[in-house]
Amino acid sequence: LEAKIKEGANGALLTGYSPITKHDDVVALLEGEELRTFFTKLYDSTPATFSNKWVRVHGTDECTDEHTDYFRFKSSARNMYTCWLPLGSYTPLEGTLAVCCGSHKWAGYNAAYGTEVKDELPKGYEQSSKNAVWRSRSFQPGDAVIFDIRLVHCSTANTTKNFRMSMDTRWQPWENVGADMSSCFVALPE
């Protein structure tokens with residue numbers, strides 16, 4: 001976490017990078033008792049999480065653009081939430097998560113998903129976002145942000161010479177995982 005960025009080096013999106021995501025300590029964090037208990041209570045049933053995990057490492061001047069997780073997961077998502085976890089102490093100057101308040105309630109979530117960045121936003125985003133309120137804050141290890149996969153979110157830009165690292169997972173009730181997707185999820189009964 002104290003590594004400095006080499007001049008000209010970039011961060012990376014390490015989605016599913018198993019040396020990290022399958023490491024015992026990381027699995028204990030991302031599928032551990034605290035999150036399992038939270039999602040068990042939220043769903044009042046056995047929670048499931050994608051086997052795949054998302055690791056984000058942002059370098060200087062890097063950020064994640066505005067998007068929702070909905071269009072990537074809508075074919076398998078039934079009551080799905082994203083859980084974002086910072087892996088260090090970060091301020092908005094280091095590239096923290098930012099959320100667009102109330103955007104999960106906007107119209108336009110029935111559009112088809114394509115390959116353009118704009119396809120990761122609900123139809124009508126340009127108009128709806130004109131009066132949008134964005135929120136971010138400083139985060140510490142142990143913090144978690146859990147939100148509906150329709151919520152428009154991004155990260156602030158990392159303006160420092162240090163890497164900013166976070167991980168995120170997707171959760172839904174095990175009973176909502178279809179047979180065709182069961183190999184992609186891990187059920188976590190209490």
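Two strands are taken to pair if DSSP finds at least two bridges between them. Helices (H or I, at least four residues) and strands (E, at least two) are DSSP runs, numbered from the N terminus. The model is predicted, so local features need pLDDT of at least 70 and side-chain atom pairs count only at pLDDT 80 or more, while totals for chains, interfaces and linings use all residues. Residue numbers start from 1 along each chain as its sequence is written, and side-chain values use heavy atoms, with hydrogens and water left out.

Strand β9 spans residues 164–173 and is mostly covered, with 10 of its 10 residues buried; buried means under 20% relative accessible area, exposed means over 50%, and partly exposed lies in between (1.4 Å probe, protein chains only). Strand β2, residues 47–50, pairs with β9 in the antiparallel sense through three bridges, and within this pairing Ala48 stands opposite Gln172 of β9. Strand β3, residues 54–58, is also antiparallel to β9, here over five bridges, with His58 opposite Arg164. Strand β4, residues 81–86, runs antiparallel to β9 and is joined to it by six bridges; in β9, Met167 is the residue opposite Leu85.

Another set of strands forms an open sheet. Its three strands follow the order β6-β5-β8, with antiparallel pairing. Strands β6 (134–135) and β8 (153–155) stand at the edges with a single partner strand each, so one side of each is left without a neighbour in the sheet. Strand β5, residues 97–100, is held to β8 by three bridges in the antiparallel sense. Ala98 has Cys154 in β8 as its bridge partner.

Next come the nonpolar cores. A nonpolar core is a set of buried Ala, Val, Leu, Ile, Met, Phe, Trp, Tyr and Cys residues joined through side-chain atoms within 4.5 Å. In soluble globular proteins, nonpolar side chains tend to be buried together. The largest core here has 18 residues, and those with the most contacts inside it are Phe50, Phe73, Met80, Val152 and Phe185. Two or more residues of this core come from each of β2 and α4 (70–73), and α4 gives the largest share, three residues. Contact means heavy atoms within 4.5 Å. Leaving aside residues up to four places away in sequence, Val152 touches Glu66, His67, Thr68, Val99, Cys100, Ser103, Trp106, Tyr109, Leu121, Pro122, Tyr125 and Trp134. A second, separate core has 16 residues, including Leu30, Leu35, Tyr43 and Met165.

The aromatic rings give a further view of the fold. Rings of Phe, Tyr and Trp (its six-membered ring) pair if their centres lie within 6.5 Å; planes under 30 degrees apart count as stacked, over 60 as edge-to-face and the rest as tilted. Across the whole structure, 13 aromatic pairs are found. Phe39 and Trp171 have ring centres 4.5 Å apart and planes at 5°, so this pair is stacked. Phe39 belongs to helix α3 and Trp171 to strand β9, so the pair ties together parts that are 132 residues apart in sequence. Both Phe39 and Trp171 are buried. For Tyr43 and Tyr81, the ring centres are 6.3 Å apart and the planes stand at 50°, so that pair is tilted. This pair also links distant parts of the chain, with Tyr43 in helix α3 and Tyr81 in strand β4, 38 residues apart. Tyr43 counts as buried because its relative accessibility is 10%, whereas Tyr81, at 21%, counts as partly exposed. Ring pairs join Phe38, Phe39, Tyr43, Tyr81 and Trp171 into a cluster.

Some rings also carry a charge over the face. A charge sits over a ring if NZ of Lys or CZ of Arg is within 6 Å of the ring centre and within 35 degrees of the ring normal. Arg170 lies over the face of Trp54 at 4.3 Å from the ring centre, and the charged end of Arg137 sits over the ring of Phe139, 5.7 Å from its centre.

The backbone holds two further points of interest. Most residues other than glycine have a negative phi, and most peptide bonds are trans. Asp44 has a positive phi near 55° and is found in the loop between α3 (33–43) and β2. Asp61, also not a glycine, has a positive phi of about 65° and lies in the loop between β3 and α4. Asp44 counts as exposed because its relative accessibility is 72%; Asp61 counts as exposed at 61%.
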